[in-house]
Amino acid sequence: QIFRRERLNGHYEVGAFVVANTLSSIPYLFLISLIPGVIAYFLVGLQKSIEHFTYFALLLFVTMLLVESLMMMFLMGVITGAGIQGVMVLNGGFFRLPNDLPNLFWKYPMYYISFHKYANQGFYKNEFEGLTFPNPQQGANSSISGEEILRSVWQVDTGYSKWIDIAILFGMVVFYRLMFLGIVKLGEKVKLMLKKRVGSSKKTSPVVEI
């Protein structure tokens, strides 16, 4: 409502609003990601290294920024945005593994559109790559690598780096912000066209004297 009022008064353009909205939300989203991230990361005993924790916090921050960008597109319909995210959660590869998803719609294309796919894979790769675990199923002294667990258990695509996952998520952030910009601009054009039509119809309407 504040944006609409200030926009009607000609204080700034739509592009300036989208950029300012993005930049102003970054510090708060970073704190929201970092503070619970520190508690959760060390509480469950994940890999204790600066590199792994930095990636964990950065991926969590980008995911938070992406969720906000997605919801900005549905400011007039929060239920719609939450419903779309719910569908993405179902086929993100966590509740059902990728090979168990029905191919029609759920895997192609929703599995590859869902940002949860890339967020989960980034977290998995960050934790399991480079580790070795005991494998009692193959014998007392046998072991299994973290990469093999990613491929066989979690069915993660290990053909590319975990940094590619975070780059894809960042690309989605840019895409959703641009869509938000386009939606706002389109909404303004539609309202302007409707006002012009209403105004022209009033001018051309005949006046009947009684």
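A: **The pockets and their linings**

In the second largest pocket, the largest share of the lining comes from α8, which supplies six residues. This description rests on a predicted model. The elements that give two or more residues to the lining of this second largest pocket are α2, which covers residues 14-43, and α8. Its lining consists of V18, V19, T22, I26, L65, F170, V173, V174, R177, L178 and L181. Sorted by class, that lining has nine nonpolar residues, one polar residue and one charged residue. The space in the second largest pocket amounts to about 210 Å³.

The largest pocket holds about 810 Å³ of space. It is lined by 22 residues, and those closest to its centre are F3, R4, V184, E188 and K191. By class, the lining of the largest pocket comprises 13 nonpolar, two polar and seven charged residues.

The protein chain contains eight helices and four strands. Along its principal axes, the C-alpha trace of the chain spans about 100 × 40 × 25 Å. The radius of gyration of the protein chain is 24 Å, whereas a compact globule of 210 residues would have a value near 17 Å.

A further part of the fold is the pairing of two helices. The axes of α3 (residues 50-72) and α4 (residues 78-90) come within 9 Å and cross at roughly 135 degrees. An angle under 35 degrees would count as roughly parallel, one over 145 as roughly antiparallel, and one from 65 to 115 as roughly perpendicular, with the rest counted as oblique. The helices α3 and α4 are therefore oblique to each other. In their contact, V67, L70 and M71 of α3 meet V78, G81, A82, Q85 and M88 of α4. The residues of this contact divide into six nonpolar, two polar and no charged.

How values were computed. Residues numbered from 1 in each chain as written. Predicted model: local features only at pLDDT ≥ 70, side-chain atom pairs only at ≥ 80, totals over all residues. Heavy atoms only, no water. Axes fitted to C-alpha atoms, helices over the stretch in contact; angles between N-to-C directions. Contact = heavy atoms within 4.5 Å. Nonpolar A, V, L, I, M, F, W, Y, C, P; charged D, E, K, R; others polar. 1 Å grid on protein atoms, 1.4 Å probe; cavity = no way out; pocket = protein on both sides within 12 Å on 5 of 7 lines; lining within 4 Å. Points joined across faces, edges and corners; volume = space filled by probe spheres on them. Rg over C-alpha atoms; globule rule 2.2 N^0.38 Å.
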